[in-house]
Amino acid sequence: MMRPMKLAGSQLLFGEGCLEHIRTLAYKRVTIVLGGSSMHKSGMLDKVKRLFEESGAVVSIIEGVEPDPTFATVLRGAKEMQAAEPDLIVALGGGSVMDAAKTMWIYYENPQLQNLEDVLPPNPFPQLRTKAHFCCIPSTAGTASEVSRSVVISDNETGMKHGIGNMEMMPDIAICDPVVTVSMPPRITAETGMDALTHAVEALVSTRANYIGDVLATQAALDIIEYLPQAYENGQDLSVREKMLNASMAAGIAFTNVSLGIVHSMAHTLGGFFHVPHGLGDAMLLPYVIRFNSQDERAEKIYNDLARKAGGENLADMIAGLNEQLHIPVCFREIIEDEEKYNSLLDEMAKAAMEDGCTKTNPVIPALGQFVELFKKAYKGE
Ligand SMILES: [Fe+2]
């Protein structure tokens with residue numbers, strides 16, 4: 001049976017200049033959550049802070065969310081929020097910042113919770129919005145956490161990644177102004193952009209795909225194929241940045257409703273075991289998984305239709321070509337040197353990928369042995 005669609009929170013803004021919308025918001029205490037120093041350097045923190053102050057809010061800041069944020073960071077942020085008592089939490093940054101801030105929100109609203117397991121099934125998902133609303137201002141065009149119901153948080157000790165998904169976590173406000181993404185360096189532009197393309201392609205072939213999801217994901221995929229190389233070559237072009245940010249957002253609305261596939265299951269696994277950055281893992285795995293999934297007639301037709309619309313013939317080859325243009329390696333041997341360790345972990349990796357929530361909606365559910373084969377192929381570049 002179809003699940004109800006949720007197309008973003010209550011306010012979705014996009015396009016150049018939409019940051020100005022902040023002036024119209026009526027919150028009293030705003031806490032902005034940040035990652036490293038990039039939003040300081042680009043002047044975006046000052047700009048966003050000033051706009052909130054002009055709206056009449058007192059602004060506090062939580063800094064230092066790391067890439068692949070841990071649960072310890074989440075608890076630290078939630079504690080800082082208990083002191084600042086925001087009625088609006090703003091994540092200003094990329095996927096890690098947005099995911100960490102969303103999770104801080106859960107523990108700020110529910111201080112009685114102390115462990116990551118407390119919010120995972122079979123426990124009921126805790127209540128939100130009794131203290132604060134949540135706003136995302138993305139600085140990358142990729143993860144689409146600004147319109148998604150999910151977060152990925154790493155275990156403090158093991159580094160293993162836990163995905164949490166619930167529509168309660170859909171941000172109330174998403175402000176997608178391309179000016180915030182202009183300072184993104186080429187490598188991050190490429191990797192996050194390929195994450196967005198993977199969202200679109202996996203949403204299209206998902207076993208829960210539907211009409212609205214297809215409309216959004218198709219246009220998103222076509223725009224990313226066309227504009228990502230330009231954003232990579234010339235990040236200062238605001239119109240190209242806008243195309244990418246809008247496409248990432250549209251792909252995000254699609255996938256958060258219809259889910260993903262095994263590119264994500266395998267990328268999550270490689271992220272947990274070998275710290276492969278999420279978008280890079282997606283980009284490298286996508287051609288291998290398209291070839292594997294093409295044994296399913298429906299998936300093969302969707303891939304071929306998309307390739308034709310984008311002016312090509314074979315989608316896997318087109319994406320491999322796009323990766324080459326973006327200087328993304330062909331196989332994991334190029335970035336994971338310890339082949340012995342990789343091979344010794346294959347069974348564990350296959351198991352982790354199988355258990356990943358994204359596997360359920362892949363067009364073909366691989367057997368464990370097929371996951372092992374896929375991990376091997378993607379390592380050697382076969
Ligand atoms: Fe992703």
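The second largest cavity is lined by Val201, Glu202, Val205, Val263, Leu286, Val289, Ile290, Asn293 and Tyr303. Helices H5 and H9 (278–293) are the elements that give two or more residues to this lining, and H9 gives the most, with four residues. Seven of the lining residues are nonpolar, one is polar and one is charged. The space in this second largest cavity comes to about 30 Å³. The model is predicted, with local features requiring pLDDT of at least 70 and side-chain atom pairs counted only at pLDDT 80 or more, whereas totals for chains, interfaces and linings use all residues. Residues are numbered from 1 along each chain as its sequence is written, and side-chain values use heavy atoms, with hydrogens and water left out.

Cavities and pockets were located on a 1 Å grid over the protein atoms alone: a cavity is a set of points where a 1.4 Å probe fits but cannot get out, a pocket is an open set with protein on both sides within 12 Å along at least five of seven lines, and lining residues have an atom within 4 Å of a point. Grid points are joined across faces, edges and corners, and a volume is the space filled by probe spheres set on the points. Helices (H or I, at least four residues) and strands (E, at least two) are DSSP runs numbered from the N terminus. For residue classes, Ala, Val, Leu, Ile, Met, Phe, Trp, Tyr, Cys and Pro count as nonpolar, Asp, Glu, Lys and Arg as charged, and the others, Gly among them, as polar.

Two cavities of 30 Å³ or more are present in the structure. The largest cavity contains about 50 Å³ of space. Its lining consists of Ala141, Thr181, Met184, Thr189, Thr192, Gly193, Leu228, Ala231, Arg241, Met244 and Leu245. Two or more residues of this lining come from each of helix H5 (186–205), helix H6 (211–233) and helix H7 (238–258). By class, the lining of the largest cavity comprises six nonpolar, four polar and one charged residues.

The second largest pocket holds about 160 Å³ of space. Residues lining this pocket are Met284, Pro287, Tyr288, Arg291, Ala320, Asn323, Glu324, Ile328, Pro329, Val330, Gly381 and Glu382. Helices H9 and H11 (315–325) are the elements that give two or more residues to the pocket lining. H9 gives the most, with four residues. Seven nonpolar, two polar and three charged residues make up the lining of the second largest pocket.

An open sheet of six strands has the order E1-E8-E5-E4-E2-E3 with parallel pairing, where two strands pair if DSSP finds at least two bridges between them. Strand E1 (11–14) and strand E3 (58–62) each have a single partner strand and stand at the edges, so one side of each is left without a neighbour in the sheet. On average, neighbouring strands of this sheet are turned by 15° against each other, direction ignored; axes are lines fitted to C-alpha atoms, for helices over the stretch in contact, and angles run from 0 to 180 degrees between N-to-C directions. Strand E4 (residues 88–93) and strand E5 (residues 133–138) run parallel and are joined by six bridges. Within this pairing, Ala91 has Cys136 in E5 as its bridge partner.

The structure contains 14 salt bridges, each defined as a side-chain nitrogen of Lys or Arg within 4 Å of a carboxyl oxygen of Asp or Glu. Glu20 and Arg23 form one of them, at 2.6 Å, N to O. Relative accessible area is classed as buried under 20%, exposed over 50% and partly exposed in between (1.4 Å probe, protein chains only). Glu20 is partly exposed at 34% relative accessibility, as is Arg23 at 39%. A network of salt bridges links Glu20, Arg23, Arg50 and Glu54.

Two further salt bridges lie within helices. In helix H14 (residues 368–380), Glu373 and Lys376 are three residues apart, about one turn of the helix, and the closest N and O atoms of their salt bridge are 3.7 Å apart. Glu373 is partly exposed with a relative accessible area of 41%, and Lys376 is partly exposed with 32%. Helix H13 (residues 346–355) contains Glu355 and Lys351, four residues apart, about one turn of the helix. The side chains of Glu355 and Lys351 meet in a salt bridge at 3.9 Å, N to O. Glu355 is exposed, its relative accessible area being 59%.
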